[in-house]
Amino acid sequence: INAEYGEDTSDYVLSSPTLPAISNNNVILSNSFVGHRLHGDTVYMNGLYNGYTTTCHRARIPCHFPYVDDPAVDYTLDCKNATYTVSGANFEQVFYAHSVLNRVFVTEISVHSGVVNLTSHAGAPSTDLNIISKEKISHGPEGQGTKVNVFGAEIKDPETKTSPKLTIWNLTSDFPATLDSGTYLFISSFASTHDEALSFYDRALQYYTDKTLLSSHQDSWSYVWKTINIDLDDKELAKTVKSSLFYLLSSFPQCALKIPELENYPFQFFGVSPGSLGNGGDNNDYWGHVFWDQDFWMLPGVMLLFPELVKESIKYRIAMLPGARIKAKERGYKGAMYPWESGRTGIDVCPGAIYANHQQHITACVNYAIRQYVYVTGSWDIVSTDGAWDVVNESANFWLSRVEWDGNNFVINNVMDPDEYHSDVNNSCFTNAAARLNLLFAVEAAERLGKIPDPRWAAVAQEKNGLKIPFDETLRYHPEFDGYTQGTVIKQASVVMLGYPLGSPMDDDVRKNDIEVYAKCTDKGPGMTYSMYCIGMLELDELATAENFFQVQFQNLRDPFRIWNEYPTYLGCTNFLTAIGGFLQSLLFGYLGLRVFEKKLQVKPFLLPKCTGVTYTGMQYCGERFNFEVKKDKFTVCRTTGNAFQLWQIEKDGQKWPLVTNKPVSLDLGQYEITMADGYELVY
């Protein structure tokens, strides 16, 4: 499609003559409403969980659309067009999760000669669903109707005793045992009601009649890639970048982008789980639950690209606030205590008591995402009018009820750090620093909204005699928690995140010591960890060490479809979006060196290893988009959108360069700040 215009799209294409040896590393296609791991027997649907409280998991929907059952010679993921193609000697089968008609999954089969065989991938009956309807109907004009398989079911066990039994309706084009030469369309629509599933099935048929079914899907993704992108001349790294962006962005509802000239079908979004919507069955891939991974690891990688998508995840957290209130009350605390794992209702569904009881930093991480969203967009509307104020306020009150006074400082005891090798510890550096940021943001938000902040928020958050942040003055580093012995093995990044993303002030030698001390004793843990060590060393201009950490990330990457695994030596969670979020942060906040503040965007770019040039397209800040092109010794910044009432500038050491729309400015590498010129204010 793009080749006819002379465009090289090879960076977006991953092909293989064989499938991965482990099926968990097959391609996942998702539009954030339905998700399917290719060649599997399961489809998952946004918000459809089965299981009471801690047995909650994504409900397995049998895959009712057909697969060609003949030998294949090629399997290709095209991230540019968001399609997956299986090719044989005489056929091609294309799959896509429609990005506009987001309740629809499509497969099209072209038979060039002879006959091909079809097979069902429905597998065994789902143990999560009670079937309420299963029939074959004739659908369409009288005498011209096609056969459609109707599958209706309800979950067996709701999350709570008062929750309704969720329903799933799936309408799929019937298929024969064989196909001869020709082109064939098979539609599968999913919804919580029969009527909605039927309406989307009909829309897909109409799109196909109008010859816009595939093209509208491609147009949606074309808008994404034209609006934002990262381009580089290392072809292998480029493929990893494109596929990582594809897997992560396809996990968010593109309807939130309100793409011009395309229809829009919004729905209530239930967040992003570590293994994406294509994973999450019973006892697999964290059961499809939503963790801090969404707020702290994935959202920063999306924030500067499409803050509209981030807002959908924040709206999920706002909607789940009642569950956070319940957990706080059950634990004897005030305000809102977000559960370590949540599903549809917002109650705690974590199956491991040690994690549910002690992993408390998630509450601060939810607030971190809200804070960053406000700073990136330049708008406080989500706080003032969309309900996030209640999250910020009640989370701050939770921390007030959580702290104790030890005679010198406020302390938080009996927690589990992000390093899950140590539980029930006192004064986790990360937990306390994140809680402090939560409290400071509550003060800021209250003042912005014309409210009187609780004076205790600032008192607990103050640097002197406020929340304790463990520090060893002799060794000049931060012990992970009270009593931590230097060199003790840790699971993953923790203390290193005080510098970035939390922005805790510290001297350079302390920052370096924190990185070096913990990098030496980090186990072969989750894939996102080394992104933080990389970012920290780039802050300190330690480029060689930063590159080493950058490269370590790829030991969790699996060919041929660049699927990130949770662990380097075994699977863990697959299509691990948390690792993708960390990787993208190492690009945007590491090598591009972005830092987001309320009234400035800091940039300190470095050239990516093995590249001669890297272009970051469409970085969004305060309603404006900026392009950055980084070379060995110089970089170019260009403001690509413009509001006539706003004048932006980039400055360093008192020297300022105006950023006029579509007028690139070339500068030496270094640290700069992008700000609005004096006398100007944000205008929407």
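This is a predicted model: local features need pLDDT of at least 70, side-chain atom pairs count only at pLDDT 80 or more; totals for chains, interfaces and linings use all residues.
H16 (residues 577–591) has H15 (residues 543–552) as one of its partners, with axes that come within 10 Å and cross at roughly 160°. An angle over 145° counts as roughly antiparallel, so H15 and H16 run roughly antiparallel to each other. The crossing itself is left-handed. On the H15 side, the contact is made by Ala 546, Glu 547 and Phe 550, which meet Phe 583, Ser 586, Leu 587 and Tyr 591 of H16. Sorted by class, that contact comes out at five nonpolar residues, one polar and one charged.

H14 (residues 529–539) also packs on H16, but here the axes come within 9 Å and cross at roughly 5°. That puts H14 roughly parallel to H16. H14 brings Ser 531, Met 532, Cys 534, Ile 535 and Leu 538 to this contact, and they meet Gly 582, Phe 583, Gln 585, Ser 586, Phe 589, Gly 590 and Tyr 591 in H16.

As for H11 (residues 429–448), its 20 residues reach 29 Å from first C-alpha to last, close to the 28 Å expected at 1.5 Å a residue. Of those 20 residues, 17 are buried, so H11 is largely enclosed by the rest of the structure. Just after H11 comes Gly 450, with a positive phi of about 75°.

Terms used: Residues are numbered from 1 along each chain as its sequence is written. Side-chain values use heavy atoms; hydrogens and water are left out. Axes are lines fitted to C-alpha atoms, for helices over the stretch in contact, and angles run from 0 to 180 degrees between N-to-C directions. Helices (H or I, at least four residues) and strands (E, at least two) are DSSP runs, numbered from the N terminus. Angles under 35 degrees count as roughly parallel, over 145 as roughly antiparallel, 65 to 115 as roughly perpendicular and the rest as oblique. A crossing is left-handed if the near helix is turned anticlockwise from the far one by less than a right angle, and right-handed if clockwise. Contact means heavy atoms within 4.5 Å. Ala, Val, Leu, Ile, Met, Phe, Trp, Tyr, Cys and Pro count as nonpolar, Asp, Glu, Lys and Arg as charged, and the others, Gly among them, as polar. The expected span of a helix is 1.5 Å times one less than its number of residues. Buried means under 20% relative accessible area, exposed over 50%, partly exposed in between (1.4 Å probe, protein chains only).
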